[in-house]
Amino acid sequence: MYNKTMYGLGSRRSVIRELFEYGKKRAAEVGADKVYDFSLGNPNVPAPACVNDAVREILATEDSTAVHGYTSAQGDAGVRAAIADSLNRRFGAGISPDMIYMTVGAAASLTVTLNALAEEGDEFVLLAPYFPEYAVFVSSTGAKPVVVPFDEQTFAPDLDAFEKAITPNVKGVIVNSPNNPSGAVYSRDTLEKLCAVLSAKSAEFGRPVVLIADEPYREIVYGDAEVPFLPCLYPDTVVCYSYSKSLSLPGERIGYIALSPSMTAGKEVYAAVCGAGRALGYVCAPSLFQKVVAKCVDARPDIAAYERNRNLIYGALTDMGYTCVRPDGAFYLFVKALEEDANAFADKAKRLGLLIVPGDDFGAKGWVRVSYCVSHDMIERSLPAFRELMASYKA
Ligand code: PLP
């Protein structure tokens, strides 16, 4: 009657969604000021002004049937040209508009890419800690996710374990930097070493191991942290991008896939991307927002608010004695739980009104994620609860 795997996925919400729903219910019971919801990565910084300006201008000046009509399946040619121009100006990447495919956000960029690549018996490597939906996306293609552990000091992947994990069954690797959930930004040195392993393995196997660069947080970095553009480091890179975080547009569902200009069998891989988009029904990304992002290609979010939050919560929690990864990007703080079982720790936090996500589903047992794309005021008000949580472990 129905597919059991899909039933399982649909009837069990993710831990993050579960907490978010609990937070709404709890706020109605005890008052919103007593619930400190750090569960979701929903940007609280408004979209840059150019987004609303572009919407108004497009609606006022362009033909309505074109604005609301179908575009080419892979996206409007002018929009893809604007995105390629911006990437090439910024990174000298040589990206062709003919190798860009417009999507409904990073989730679609990833599922289309994985479906375009996966064949029977394939594995995809995930670098812990990782966005939990990766495991769902990979498994739903019939391929197997293989998890590589991280170095607890740097939060970069354990490179020895990475090298061992790249067996002849591996079709690709998903790299996510700036990282959700750790906020870590992998250094150029780490990425170069990672790419060197991939190049050596590709040569050994006589076919490329594909690097899938999941980059929704590319623009959200603090200080002088560098985010190298991966097609410039490794020829067989597929960029999976989204404007959900960088333009604060998660509800508009808009992003793209871009293939590296030096991709092996690039034209065929692009055709497979178009085929996967077709098979999954991910064609003609929303027309209005394709046009909007084309007008805002170089706009950036106001990350000052995130940085202020980062400084407050990282500073306060480390002062209280928590062990945290210093986040150089995205808007997440990864904190070591005060007991081995991060679920039990998150439950104790929940009783104090702190909604934080246990790391098990991120492939990082013993850690919790605190999402700080929330109001500065809520972080300030939550600090006594974090202090009480720490004190409860010392009592
Ligand atoms: N990849 C990562 C690392 C994410 O954190 C998210 C969303 O939080 C996604 C992909 C999905 O992004 P989108 O909402 O654009 O589909």
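User: What lies 2.7 Å from an oxygen atom of the ligand, on the asparagine 180 side?
Analyst: That's a polar atom in the side chain of asparagine 180. Keep in mind that this model is predicted.
User: And how far is the side chain of aspartate 214 from the ligand's nitrogen atom?
Analyst: An N or O atom of the aspartate 214 side chain is 2.6 Å from a nitrogen atom of the ligand. Tyrosine 217 has a side-chain N or O atom too, 2.7 Å from an oxygen atom of the ligand.
User: How much of the ligand's accessible area does the protein cover?
Analyst: 90% of the 390 Å² that the ligand has on its own.
User: How many residues surround the ligand?
Analyst: There are 14, and Asn180, Asp214, Tyr217, Ser242 and Ser244 are the closest. By class, that shell has six nonpolar, five polar and three charged residues.
User: Where does the ligand sit?
Analyst: In the largest pocket. Helix 6 (106-117) and helix 10 (243-246) are the elements that each give two or more residues to the shell around the ligand.
User: OK, switching to the pocket. How much space lies in it?
Analyst: About 1000 Å³ for the largest pocket. Its lining has 40 residues, with Ser14, Ile16, Arg17, Phe131 and Glu133 nearest the centre.
User: Which helix gives the most to that lining?
Analyst: Helix 7, with five residues.
User: And how do the lining residues divide?
Analyst: Into 21 nonpolar, ten polar and nine charged residues for the largest pocket.

Definitions and conventions
Residues numbered from 1 in each chain as written. Predicted model: local features only at pLDDT ≥ 70, side-chain atom pairs only at ≥ 80, totals over all residues. Heavy atoms only, no water. Near = heavy atom within 4 Å. Polar contact = N/O pair within 3.5 Å; in protein donor to acceptor, adjacent residues only side chain to side chain. Areas by Shrake-Rupley, 256 points an atom, 1.4 Å probe, with all protein chains shown as cover. 1 Å grid on protein atoms, 1.4 Å probe; cavity = no way out; pocket = protein on both sides within 12 Å on 5 of 7 lines; lining within 4 Å. Sits in = over half its atoms within 2 Å of the grid points. Helix = DSSP H or I, 4+ residues; strand = E, 2+ residues; numbered from the N terminus. Nonpolar A, V, L, I, M, F, W, Y, C, P; charged D, E, K, R; others polar. Points joined across faces, edges and corners; volume = space filled by probe spheres on them.
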